[in-house]
Every structure is written in structure tokens, then in C-alpha cells.
Amino acid sequence: MRFDGKRVLVTGAASGVGKATASLFAEEGATVVGLDVQEAPGVQQCDLTDSDTVRGLVAENGPFDVVLNVAGIVRLDHVADLTLGSWQRQLDVNLTAPFVVSQAALPGLLERKGNIVNVASVAGLRGQAYSAAYCASKAGLVMLTKSMALELYQTGVRVNCVCPGGVDTPLIAGVATAMPTDLDPKLMARLDNVIPRFSDPLEIAEAIAYLASDTARSVTGSALVIDGGMLS
Ligand SMILES: NC(=O)c1ccc[n+]([C@@H]2O[C@H](COP(=O)([O-])OP(=O)(O)OC[C@H]3O[C@@H](n4cnc5c(N)ncnc54)[C@H](O)[C@@H]3O)[C@@H](O)[C@H]2O)c1
């Protein structure tokens, strides 16, 4: 019961890693507030790119001890075909929304000496073909994490992120159905985990829980890689 009595905000709580994370924190005693653009039981519906609504929901449901920015989107495209709309949407959901959520929750986090865990990606740590917007957004999220960690260390608020490789969620299934068919197999092979399976969403949730727990009290500004050996 590592999170007994804690209020925890989880974005992307309707599916995949966010859903597994919300369940794990609830099982360990937290009061979880889940936000997602998709409808799901016990999750408040909200488009995280609507900053005013996000600020309102954070104020209404807070203060929080832990903020988990999990929601994300990805689309594979040749860079020549990447539309400005798709670029902007990936930046908005994957990078701007975590900033807006974290900033809105900050007064409560400061009061409670809480912490933030962002879900970035191995795509934030090295280049990935056909993923220019996703890579840029996740690299930005890694640096948002590190920058906030440095700025806030004196307040007792910790900020970390996890960088998963392939995880078995609807996001992966969605990518496969929407990607162009003429991709270079050599570049696509770089996306494979070395351990020949996708991680389970619960494995990522467990890593998030570690970073959010007191066990990680000396850990801030870290980007914890859980990638089945992909970056090795
Ligand atoms: N699945 C993977 O292989 C993988 C690998 C590395 C990183 N990640 C990251 O993990 C995180 C979780 O992804 P997942 O794999 O669980 O995918 P998922 O699609 O199962 O879950 C993502 C959730 O985010 C929500 N979401 C998307 N746009 C939103 C918006 N505008 N407002 C509110 N909610 C929104 C979706 O509705 C969905 O419920 C993402 O940040 C993703 O980039 C996933």
C-alpha cells in the first residue's frame, strides 16, 4: 500500500499503460483521478489539448500528491508526407499537455512535496524513422522532465520519466494499421526489442510506481529505460 491516502492524477487512464497504472495505484491505496479523451468507467472525459478545461479539472480534483502524464499518440509517416496538423497534434498531446497538466498541479505538488512521472519513450532518446513528430515530442518530454527536476529539487518535488520500448497496447496495434506500406525494413527492425516480446503495460506501471514511491526519494530528473534491450 505504497500510495495509501495519496491523490494521484493519471492521464490516458482509459487504455494501455494509463489504465494499468491507474489500477495499480488504486490497488495500492491511492485515490485516482483518471482523465482521457476516450470514455471509460471511472475516467473523466477530457481532451488534454484543451488547456482551459485541463486547468479547470486539475483545480476541481486536486490537490495531487502524484501526477502521471501517460496519455500519448503516435503516427508513422514519411517526413515528406507529415502534415502540419499531424505534427502539431503529436506535439500538443505528447509534450504541451504534460506541461499544462504539471504546471496546473504544481501548487498542490509543492504543498505536498509530491512528484511527477512522465511517460516518454525510447523515441525520445534516439532517432526513429518515420516518427519525426513523435520523436521530437518525446525528446522534448525527456528534457521537460529534466529541466523541471533541476528547477524544483529544492522544493522537494521530484520529476522523472520512463522510456518504454514496445509495449503491448492498442497504440501499437493502431500504428500497424495506419502506417505507410513502403517502409525500409532495415529501419523498421531498429524498433524491435532485443528480448523478443513487447512489454506488458503492467511492467511499465510498476516502473512508474517505483519512481512515484518513497523508495525513489533520491531519484529526480531520471529517464528510466524499459525497452527489452532495444537501446543496448
Ligand atoms: N505502446 C508502446 O509501445 C509505447 C512505447 C513507448 C511509449 N509509449 C507511450 O506510453 C503512453 C501510453 O500509451 P499506450 O501504449 O498505453 O497507448 P494507448 O493508446 O493504449 O493509450 C493512450 C491513451 O491516451 C489517450 N489520449 C490520446 N490523446 C488524448 C487526448 N488528446 N486527451 C486525452 N487523452 C488522450 C487515449 O485515448 C488512450 O486512452 C503514451 O505516452 C505512449 O507514447 C507507448
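User: Which residues are buried in α7?
Analyst: In α7, the buried residues are Pro 201, Ile 204, Ala 205, Ala 207, Ile 208, Ala 209, Leu 211 and Ala 212. A residue is called buried if 20 or more other C-beta atoms lie within 10 Å of its own, exposed if 12 or fewer do, and partly exposed in between, with C-beta atoms placed from the backbone. Helices (H or I, at least four residues) and strands (E, at least two) are DSSP runs, numbered from the N terminus.

User: Before we go on, what kind of model is this, and how are residues numbered?
Analyst: This is a predicted model, in which local features need pLDDT of at least 70 and side-chain atom pairs count only at pLDDT 80 or more, while totals for chains, interfaces and linings use all residues. Residues are numbered from 1 along each chain as its sequence is written.

User: OK, back to α7: what covers its buried residues?
Analyst: The cover includes α1, β4, β5, β6 and β7, where two residues are in contact if their C-beta atoms, placed from the backbone, lie within 7 Å.

User: And how far does α7 reach from its first C-alpha to its last?
Analyst: Helix α7 (residues 201-212) has twelve residues and reaches 17 Å, close to the 16 Å expected at 1.5 Å a residue; the expected span is 1.5 Å times one less than the number of residues.

User: How does α4 do on that count, what span should it have?
Analyst: The 21 residues of helix α4 (residues 132-152) should span 30 Å, and since its end C-alpha atoms are 30 Å apart, the two agree.

User: Where does α4 lie, and what covers its buried residues?
Analyst: Helix α4 lies across β5, β6 and β7, and runs at about 160° to β6; axes here are lines fitted to C-alpha atoms, for helices over the stretch in contact, and angles run from 0 to 180 degrees between N-to-C directions. Its buried residues, among them Tyr 134, Leu 141 and Met 148, have a cover that includes α3 (84-112), β5 (115-119), β6 (158-164) and β7 (223-226).

User: Switching to the sheet: in what order do the strands come?
Analyst: Seven strands form an open sheet in the order β3-β2-β1-β4-β5-β6-β7, with parallel pairing, and two strands pair if DSSP finds at least two bridges between them. Strands β3 (43-45) and β7 stand at the edges with a single partner strand each, so one side of each is left without a neighbour in the sheet. On average, neighbouring strands of this sheet are turned by 20° against each other, direction ignored.

User: How many bridges join β1 to β2 and to β4?
Analyst: Five bridges join strand β1 (residues 7-11) to β2, and three join β1 to β4. Val 10 has Gly 34 as its bridge partner in β2 and stands opposite Leu 68 in β4.

User: What about β4 and β5, how many bridges there?
Analyst: Four bridges join strand β4 (residues 66-69) to β5, where Val 67 stands opposite Ile 116 and Asn 69 has Asn 118 as its bridge partner.

User: Are the two faces of β4 covered or open?
Analyst: Both faces of β4 are covered, with Val 66 and Leu 68 buried on one side and Val 67 and Asn 69 buried on the other. As for strand β2 (residues 31-36), five of its six residues are buried, so it is largely enclosed by the rest of the structure.

User: New topic, the backbone: where is the cis peptide bond?
Analyst: The cis bond joins Gly 62 and Pro 63, with omega about -5°, and Pro 63 lies in the loop between α2 (51-61) and β4.

User: Which phi values do Lys 113 and Tyr 130 have?
Analyst: Although not a glycine, Lys 113 has a positive phi of about 50°, and Tyr 130, also not a glycine, has one of about 65°. Most residues other than glycine have a negative phi.

User: Are those two buried or exposed?
Analyst: Lys 113, in the loop between α3 and β5, is exposed, because 12 other C-beta atoms lie within 10 Å. Tyr 130, in the loop between β5 and α4, counts as buried, because 21 C-beta neighbours lie inside 10 Å.

User: Last one: which residues come nearest to the ligand?
Analyst: Of the 27 residues around the ligand, Gly 12, Ser 15, Gly 16, Gly 72 and Leu 171 come nearest, a residue being near a molecule or strand if its C-beta atom, placed from the backbone, lies within 6 Å of it. The elements that give two or more residues to this shell are α1 (16-27) and α5 (170-178).
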